[in-house]
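Reader: I would like a close look at one part of this model. Please keep it brisk.

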Amino acid sequence: MPSNQRTTISRRQQLRDQRARESAKETKRRRLFRIATGLLTTLIVALVGFGLWSARPVEGGPSGQAPAFTLPTTAGTTVSLADYRGQPVILYFNEGAGCGSCTQQMALIEQEPGFAAAGITVLPIVMNTAAQIQPDLDRFGVTTPYLLDDGTVSKAYDTLDKGMHPGLPGHGFVLIDADGNQVWEGNYPSMWLDPAELLKEATSRL
């Protein structure tokens, strides 16, 4: 066989070998891409699942006499739980200053006439000073005075470390009946509870 023919055959073989190597590399890349895509999808599903699980409401039933307290308010007054003996009260513990959804929650609670119709007072409690929380109240048009806690009341009602920030309340409600008994509590890591649903929950427990 002439040398030029052998050279041509050799080049063809080299090209076939090169194509085979490139094909193998492409097949490997595709396989790795499918594996990576599968792992990423699994991770996303797991994260979404964890998010939904961690954001689920946590509720509790009757737990005896509600802890007594007296707290200053943003209005410069003081409020005691004993002031509301004879009528139901909802304590609204939340993260306070900087939590827009917390303040908006209270703004919409104020707009729900069913609370007044049912004789239920909602008392928002935050671990802030008046100067810290007042800008948020003004921003969302909240007129209800906020009760200012140093952490003592939040701890007494076991609301600390229930949200995103250690040492602070999360987004929780405590229902106290006319006799001063704690009859229901609900913590909402999603940072929201429709006021109509809150009213429905409260009236169903009284």
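How many disulfides does a search of the whole structure find? And then, what surrounds strand β7?

Author: A search of the whole structure finds one disulfide, the term meaning a pair of cysteine sulfur atoms within 2.5 Å. This is a predicted model: local features need pLDDT of at least 70, side-chain atom pairs count only at pLDDT 80 or more, and totals for chains, interfaces and linings use all residues. Residues are numbered from 1 along each chain as its sequence is written, and side-chain values use heavy atoms, without hydrogens or water.

The disulfide joins Cys99 to Cys102, S to S 2.1 Å. Its link is right-handed, with 70° about the S-S bond. Both Cys99 and Cys102 are buried. Buried means under 20% relative accessible area; exposed is over 50%, and partly exposed lies in between (1.4 Å probe, protein chains only).

Now to β7. Helices (H or I, at least four residues) and strands (E, at least two) are DSSP runs, numbered from the N terminus. Strand β7 covers residues 171-176, and six of its six residues are buried, so the rest of the structure largely encloses it. His171, Phe173 and Leu175 point one way. Gly172, Val174 and Ile176 point the other way.

Next, its partners. Two strands pair if DSSP finds at least two bridges between them. Strand β4 (residues 89-94) pairs with β7 in the antiparallel sense, over six bridges. Tyr92 stands opposite Phe173, and Ile90 stands opposite Leu175. β8 (residues 182-187) also runs antiparallel to β7, joined by five bridges. There, the bridge partner of Leu175 is Trp184. β7 and β8 form a hairpin with five residues between them. Gly180, in the turn, has a positive phi of about 85°.

Then the rings. Four aromatic pairs turn up in a search of the whole structure. Phe93 and Tyr157 form one that is tilted, at 5.6 Å centre to centre and 40° between the planes. Rings of Phe, Tyr and Trp (its six-membered ring) pair if their centres lie within 6.5 Å; planes under 30 degrees apart count as stacked, over 60 as edge-to-face and the rest as tilted. Phe93 lies in strand β4 and Tyr157 in the loop between α5 (152-156) and β7, so the pair ties together parts that are 64 residues apart in sequence. Phe93 and Tyr157 are both buried. The rings of Phe173 and Tyr188 have centres 6.1 Å apart and planes at 65°, so that pair is edge-to-face. It links Phe173 in β7 with Tyr188 in the loop between β8 and α6, 15 residues apart. Both Phe173 and Tyr188 are buried. Ring pairs also link Phe69, Phe93 and Tyr157 into a cluster.
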